[in-house]
Amino acid sequence: MGETYLPVTFVGEVQSVEEFALADTGGKHCQITQELADFIGIETVGPKRVVTYGGLSPEVQLVSFPAVVVGGRDTRRRGLHRVEAVLGDHIILGYEVMQALRIDVSVARHQAFLINPRPFDSGTC
């Protein structure tokens, strides 16, 4: 199975940076590296247990930061006032953020795309 990456701007307390993140439609949480967390200057939430597909995980280190921006869409304008991420070895965009930003992934094409933010109007083509 292929992987889909997309450019994501991570907004920190000190600065922002754009990195390519794996679009993970099966994982709720985002994941960032310690290096990225240090670079953008974000706070540690602390150890926490998170629910995974396999059940409750061991404690993981969580960080919290102001926002994620993809394709001009900012999580702060979409109901997520802060983003939590697990510290790990990869940069991953979880489905909670993708859902808030209305991002969908075509597994067959290995592409991510933004869903039209306007509600469907049956009177138009």
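Mentor: The following conversation sets individual values of this predicted model against the definitions behind the terms.

Trainee: How is the chain built from helices and strands?

Mentor: The chain has two helices and eleven strands. From the N terminus on, the order of these elements is β-β-β-α-β-β-β-β-β-β-α-β-β.

Trainee: How do you know which part of the model calls for caution?

Mentor: The mean pLDDT of the chain is 82, and 78% of the residues reach 70 or more. Over residues 118-125, however, pLDDT stays under 50, and the model has zero contacts there beyond four places in sequence. Where pLDDT is low, predicted coordinates should not be read in detail.

Trainee: Why is the pair of Glu13 and Arg82 called a salt bridge?

Mentor: The term requires a side-chain nitrogen of Lys or Arg within 4 Å of a carboxyl oxygen of Asp or Glu. For Glu13 and Arg82 the distance from N to O is 2.7 Å, so the pair meets the criterion. Side chains of opposite charge can pair when their charged atoms come close.

Trainee: Where in the chain do Glu13 and Arg82 lie?

Mentor: Glu13 is in the loop between strand S1 (5-11) and strand S2 (16-24), whereas Arg82 is in the loop between strand S7 (73-74) and strand S8 (83-87). The two residues are 69 residues apart, and the pair links distant parts of the chain.

Trainee: What makes Glu13 and Arg82 partly exposed?

Mentor: The class lies between the limits of 20% and 50% relative accessible area. Glu13 has 44%, so Glu13 falls in this class. Arg82 has 34%, and therefore belongs there too.

Trainee: How many salt bridges does the whole structure hold?

Mentor: A search finds three. One of them joins Glu84 and Lys48, whose closest N and O atoms are 3.8 Å apart; this value is within the 4 Å limit, so the term applies. Because Glu84 lies in strand S8 and Lys48 in strand S4 (residues 43-52), the pair ties together parts that are 36 residues apart in sequence. Glu84, at 29% relative accessibility, is partly exposed, and so is Lys48, at 38%.

Trainee: What surrounds Asp74 in the strand pairing?

Mentor: Asp74 in S7 stands opposite Val69. S6 and S7 pair in the antiparallel sense over two bridges, and form a hairpin with two residues between them. Gly71, in the turn, has a positive phi of about 55 degrees. Val69 is also the bridge partner of Thr9, and three bridges join S1 to S6, which run antiparallel.

Trainee: Which way do the side chains of strand S6 point?

Mentor: In strand S6 (residues 67-70), Ala67 and Val69 point one way and Val68 and Val70 the other way; all are buried. In a regular strand the side chains alternate between the two faces of the sheet.

Trainee: Which residues touch the most other members of the largest nonpolar core?

Mentor: Among its 28 residues, these are Phe10, Ile32, Phe65, Val68 and Leu93. Leaving aside residues up to four places away in sequence, Ile32 touches several residues, including Phe10, Ile42, Val63, Phe65 and Leu87.

Trainee: Why is Glu18 called exposed?

Mentor: The relative accessible area of Glu18 is 55%, which is over the 50% limit, so the term applies. Glu18 lies in strand S2, and touches Pro7, Val8 and Thr9, not counting residues up to four places away in sequence.

Key. Residues are numbered from 1 along each chain as its sequence is written. This is a predicted model: local features need pLDDT of at least 70, side-chain atom pairs count only at pLDDT 80 or more; totals for chains, interfaces and linings use all residues. Side-chain values use heavy atoms; hydrogens and water are left out. A nonpolar core is a set of buried Ala, Val, Leu, Ile, Met, Phe, Trp, Tyr and Cys residues joined through side-chain atoms within 4.5 Å. Buried means under 20% relative accessible area, exposed over 50%, partly exposed in between (1.4 Å probe, protein chains only). Contact means heavy atoms within 4.5 Å. Helices (H or I, at least four residues) and strands (E, at least two) are DSSP runs, numbered from the N terminus. pLDDT is the predictor's confidence in each residue, from 0 to 100. Two strands pair if DSSP finds at least two bridges between them.
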